[in-house]
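Dear colleague,

Please find below the structure that I am handing over to you. My notes on what was found in it follow directly after.

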Amino acid sequence: MAQLRDAITLSADAFAFFDAEDRFTSGNARYADLTDTPLEDLKGRSFDRIATDAAYSGRIALDVPPEEWIQRRLRGHRAPASADTVQTTSGAAYLIRDHAPPDGGRAVVLTDITEKTRAETALAQAQSALK
């Protein structure tokens with residue numbers, strides 16, 4: 001278990017784990033940075049509140065009204081497994097993967113896909129210019 005904890009701590013991905021009541025139990029510093037909340041303050045916080053705080057933080061480039069974004073995020077989080085992308089107002093992009101392990105609770109992993117997204121946008125623009 002200590003090796004897993006070390007791997008999560010050292011990972012470039014953001015990790016968060018939620019219990020069967022969907023309350024934050026643990027995560028890494030990268031997740032705390034993305035939520036702009038210290039890990040110790042996240043302990044016991046509901047996923048609903050974390051998603052709501054994120055939607056109203058001004059740090060996410062929402063493509064729909066906040067309440068609609070929150071509902072979409074909650075649906076994805078509660079599904080057995082889901083993936084979605086989110087763009088920040090600073091231009092970063094993240095792939096969010098939610099997974100319900102067989103023993104209950106939820107795992108959330110956020111992977112920075114900013115460079116991939118920028119490359120795809122540049123390629124699409126170049127292809128459009130050639131038409």
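A pocket is here an open set of grid points where a 1.4 Å probe fits, with protein on both sides within 12 Å along at least five of seven lines. In this predicted model, the largest pocket has a volume of about 520 Å³. It is lined by 26 residues, and those closest to its centre are Leu-34, Thr-35, Ala-54, Ile-60 and Leu-110. Two or more lining residues come from each of helix 2 (29-35), helix 4 (47-55), helix 5 (66-78), strand 4 (93-99) and strand 5 (106-112). Helix 4 gives the largest share of this lining, with five residues.

As to the chain as a whole, its secondary structure consists of six helices and five strands. Read from the N terminus, the order of these elements is α-β-β-α-α-α-α-β-β-β-α. A box of roughly 50 × 35 × 30 Å, taken along the principal axes, is filled by the C-alpha atoms. The chain has 131 residues, of which 33% are buried. When contacts between residues at least 6 apart in sequence are considered, 32% of them join residues at least 24 apart.

The accessible surface of the chain amounts to about 8000 Å², and carbon and sulfur atoms account for 55% of that surface.

Most residues other than glycine have a negative phi. Asp-22, however, has a positive phi, near 65°. This residue is placed in the loop between strand 1 (14-18) and strand 2 (24-27). Asp-22 has a relative accessible area of 13% and is therefore buried, the cut-off being under 20%.

Asp-36 also has a positive phi, in this case near 60°, and is found in the loop between helix 2 and helix 3. Is Asp-36 buried or exposed? Its relative accessibility is 59%, so Asp-36 counts as exposed, for which the value must be over 50%.

Asp-41 belongs to helix 3 (residues 39-42). With a relative accessible area of 41%, Asp-41 is partly exposed. Asp-41 and Phe-24 are 17 residues apart along the chain, and their C-alpha atoms are separated by 9.8 Å.

With kind regards

Conventions
Residues numbered from 1 in each chain as written. Predicted model: local features only at pLDDT ≥ 70, side-chain atom pairs only at ≥ 80, totals over all residues. Heavy atoms only, no water. Helix = DSSP H or I, 4+ residues; strand = E, 2+ residues; numbered from the N terminus. Buried < 20%, exposed > 50% of the residue type's maximum accessible area, 1.4 Å probe, protein only. Contact = heavy atoms within 4.5 Å. Areas by Shrake-Rupley, 256 points an atom, 1.4 Å probe, with all protein chains shown as cover. 1 Å grid on protein atoms, 1.4 Å probe; cavity = no way out; pocket = protein on both sides within 12 Å on 5 of 7 lines; lining within 4 Å. Points joined across faces, edges and corners; volume = space filled by probe spheres on them.
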